[in-house]
Amino acid sequence: MIKSQNCVYCGIKIKKSQNADDGRSVEHMIPQIAVSKTRTNAQGDFHVCRKCNTKKSRIDELFGLISRINSPNENGDIAVSKLAKMAGKGNNAVLKMIKSVKKTTEGIQLKLPFNGEDIYEYGVFLTKGEYFKKHGSLLNITHKIVFVKWGSPHLIKVMLTKYREIHGANVFGDLACNRNVENIFNECFIIAGENNDEFVFIFNQAYLLITEVVDCTKDNELENVETSLL
């Protein structure tokens, strides 16, 4: 457990109270539901306020399950079963997503139930968490800007093919052997750039987010707005 007196996400002072918005909450930055095995509270976790943890969990649960649906063995079946239960309870986001499902030779394809703002906000959450773990300080986005790029399963497939052509190996196999890469059960990976200001978050070898922390300038502010509108 990495200790902090302030919420890593919003910066407010956190308390031990369990029922208040500013109450202390343990954060698995890569959500537990995104992986097949249970983790303890000591493996790179940190404290955030309950309000931020609740806000992030709205995407955590759904995205974590979606990233697992094409996983081998029973992992994919478990994810599909849980999504079906959510649909049975009337979850509108899941119901809309299910209507978009197509079965292909490469597995299940679907339209994610998130908009651009959701993805950007999620990328910022992840970036703040990893920045704290690497730098030991909170990321102040008053003076910094976070760029977020989204990678689909198709992009992952292209990346795998190119890597195999160049190196003759599977990129995820090599990542699992790299001590500088945070490896969560060979299912999710976090890669930090040399200066710990660029990060790649890979979920179940299916989706990825690439983020970068840069200084806040007028040019970067304009680029950030234009990127958000894509």
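**Exercise 1. Determine how many aromatic pairs a search of the whole structure finds, and classify the pair of Phe 172 and Phe 189.**

Solution. In this predicted model, a search of the whole structure finds 12 aromatic pairs. A pair of aromatic rings is described by the distance of the centres and the angle of the planes. For Phe 172 and Phe 189 these values are 5.9 Å centre to centre and 20 degrees between the planes. Planes under 30 degrees apart count as stacked, so the pair of Phe 172 and Phe 189 is stacked.

Next, locate the two residues. Phe 172 belongs to helix 6 (residues 171–177) and Phe 189 to strand 7 (residues 188–192), so their pair ties together parts that are 17 residues apart in sequence.

Finally, consider accessibility. Buried means under 20% relative accessible area. Phe 172, at 3%, is therefore buried, and Phe 189, at 0%, is buried too.

**Exercise 2. Classify the pair of Phe 199 and Phe 201, and state whether each residue is buried or exposed.**

Solution. The centres of Phe 199 and Phe 201 are 6.2 Å apart, with 40 degrees between the planes, and the pair is tilted. Phe 199 has a relative accessibility of 1% and counts as buried. Phe 201 is buried, at 0%.

**Exercise 3. Describe the largest pocket and its lining.**

Solution. The volume of the largest pocket is about 730 Å³. Its lining has 32 residues, and those closest to the centre are Asn 70, Glu 106, Pro 153, Gln 205 and Ala 206. By element, helix 5 gives the most to this lining, with five residues. By residue type, the lining divides into 15 nonpolar, 13 polar and four charged residues.

Terms used. Residues are numbered from 1 along each chain as its sequence is written. This is a predicted model: local features need pLDDT of at least 70, side-chain atom pairs count only at pLDDT 80 or more; totals for chains, interfaces and linings use all residues. Side-chain values use heavy atoms; hydrogens and water are left out. On a 1 Å grid over the protein atoms alone, a cavity is a set of points where a 1.4 Å probe fits but cannot get out, and a pocket is an open set with protein on both sides within 12 Å along at least five of seven lines; lining residues have an atom within 4 Å of a point. Grid points are joined across faces, edges and corners, and a volume is the space filled by probe spheres set on the points. Helices (H or I, at least four residues) and strands (E, at least two) are DSSP runs, numbered from the N terminus. Ala, Val, Leu, Ile, Met, Phe, Trp, Tyr, Cys and Pro count as nonpolar, Asp, Glu, Lys and Arg as charged, and the others, Gly among them, as polar. Rings of Phe, Tyr and Trp (its six-membered ring) pair if their centres lie within 6.5 Å; planes under 30 degrees apart count as stacked, over 60 as edge-to-face and the rest as tilted. Buried means under 20% relative accessible area, exposed over 50%, partly exposed in between (1.4 Å probe, protein chains only).
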